[in-house]
Amino acid sequence: MLSDEEIKKLLKAGDIAKRAFSIAEKIAKPGARLLDVAERIERYIMELGGEPAFPVNIGVNHIAAHYTPTPSDSSVIPDDSIVKIDLGVHVDGYIADSAITLYYNPIYEPLVEASRRALEKAIEVVKPGVRASEIGRVIEETIKTHGFKPIKNLSGHGLERYTIHSGVVIPNYHDRLNLYRIREGVYALEPFATSGAGLVVEGSLVTIYALKPTSRALPGSTRTLYERIYGSRKTLPFTPRWFIKNPIDEEAVARGLMELRNLKLLLEYPVLIEKEKAPVSQFEHTVVVTSREVLVTTL
Ligand code: MN
Ligand code: MN
């Protein structure tokens with residue numbers, strides 16, 4: 001059961017996430033550099049007394065998830081685009097995970113409404129005892145009613161302290177094989193809608209990583225990087241950008257990550273792309289389910 005103290009931290013994380021979106025909406029406009037958008041949001045989260053639970057994800061058009069700008073990314077938000085901003089905040093390990101979709105051409109409005117409405121409907125049915133598959137059914141039905149497809153191989157998830165994916169899956173479709181029932185705890189609900197195949201595939205680019213815990217003795221320079229990252233992130237996701245202050249760093253960090261990968265101490269999160277390169281919309285909220293109530297911390 002969640003203590004009052006834990007709920008307080010979850011609510012604080014959610015409040016910071018909400019405020020970070022008000023900044024995001026102001027600065028994320030066509031012509032704005034992705035790198036600036038991500039860095040300003042991450043800085044703002046820290047100014048408000050939180051820490052990023054993961055690097056800010058910015059998904060332009062058919063990029064569904066897991067892209068965060070690299071230090072050398074000079075790209076800007078394109079005209080007429082649809083852009084997902086997915087951000088995470090933690091306060092002492094208690095996480096808020098939330099996403100919005102912004103769009104700069106009215107043609108995307110129906111696609112954006114599909115996932116927005118699916119999330120609203122999903123939140124309406126969440127309570128202790130409800131099957132995860134029922135939440136998925138509501139999401140799928142809502143998105144299809146709007147004329148789109150849910151992305152089936154992306155899903156909501158349980159959240160635990162310092163853990164973004166607890167292992168519990170909240171599907172975005174009526175997955176009859178998912179027998180999980182909602183109980184007291186923390187969940188992220190995140191419907192994705194698309195006019196494409198309704199599936200994502202992994203791209204070759206990786207910009208987000210996480211460390212695996214180890215008690216193994218590591219060689220000198222690798223140990224230094226591992227300890228530097230683990231010191232601030234533990235096993236939470238990170239991006240090399242956070243550990244690069246100059247071009248010399250960039251090479252050292254790249255080399256260190258390659259060594260950690262060879263030692264099987266690195267989890268990699270490749271960029272996820274819609275299979276038909278069709279545009280994707282997403283909304284996400286974090287809900288805290290107690291025996292008494294359902295709190296949407298990020299709403
Ligand atoms: Mn998210
Ligand atoms: Mn999530």
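Along the chain, the donors of the manganese ion (ligand 2) follow the spacing D-x59-H-x32-E-x93-E. In this predicted model, the coordinating atoms are D97 (OD), H157 (NE2), E190 (OE) and E284 (OE), at 2.1 to 2.2 Å. D97 lies in strand 4 and H157 in strand 6 (residues 156-159), so the pair ties together parts that are 60 residues apart in sequence. Both D97 and H157 are buried.

A manganese ion (ligand 1) lies 3.2 Å from the manganese ion (ligand 2), and D97 coordinates both. D86 is buried, as is D97.

Strand 8 (residues 185-189) was examined next. Of its 5 residues, 5 are buried, so the strand is largely enclosed by the rest of the structure. In a regular strand the side chains alternate between the two faces of the sheet. Here G185, Y187 and L189 point one way, while V186 and A188 point the other way. Strand 8 pairs with strand 6 in the antiparallel sense, over 3 bridges. Within this pairing, G158 stands opposite Y187. Strand 8 is also joined to strand 13 (residues 285-289) by 5 bridges, again antiparallel. The bridge partner of V186 in strand 13 is V288.

A separate open sheet element has 3 strands in the order 5-9-12, with antiparallel pairing. Its edge strands are strand 5 (149-150) and strand 12 (280-282), each of which pairs on one side only. Strand 5 is joined to strand 9 (residues 192-194) by 2 bridges. K149 stands opposite T194 in strand 9. Helix 3 (residues 109-125) lies across strand 9 and strand 12. The helix runs at about 35° to strand 12.

Charged contacts complete the picture. Side chains of opposite charge can pair when their charged atoms come close. A search of the whole structure finds 11 salt bridges. One of them joins the side chains of D92 and K9, at 2.7 Å from N to O. This pair links distant parts of the chain, with D92 in the loop between strand 3 and strand 4 and K9 in helix 1 (residues 4-27), 83 residues apart. D92 is partly exposed at 34% relative accessibility. K9 is also partly exposed, at 22%.

A second salt bridge joins R241 and E42, at 2.8 Å from N to O. R241 sits in the loop between helix 5 (220-233) and helix 6 (247-262), and E42 in helix 2 (residues 34-47), 199 residues apart. Both R241 and E42 are buried.

E141 forms a salt bridge with R137, the closest N and O atoms being 3.1 Å apart. Both residues lie in helix 4 (residues 132-145), 4 residues apart, about one turn of the helix. E141 is partly exposed, with a relative accessible area of 47%. R137 is partly exposed at 28% relative accessibility. Elsewhere, salt bridges that share partners join K9, D92 and R161 into one network.

How values were computed. Residues numbered from 1 in each chain as written. Chains lettered and ligands numbered in written order. Predicted model: local features only at pLDDT ≥ 70, side-chain atom pairs only at ≥ 80, totals over all residues. Heavy atoms only, no water. Buried < 20%, exposed > 50% of the residue type's maximum accessible area, 1.4 Å probe, protein only. Pairing = 2+ DSSP bridges. Contact = heavy atoms within 4.5 Å. Axes fitted to C-alpha atoms, helices over the stretch in contact; angles between N-to-C directions. Donors = N, O, S within 2.8 Å, 3.2 Å for Na, K, Ca; no water. Salt bridge = Lys/Arg side-chain N within 4 Å of Asp/Glu carboxyl O.
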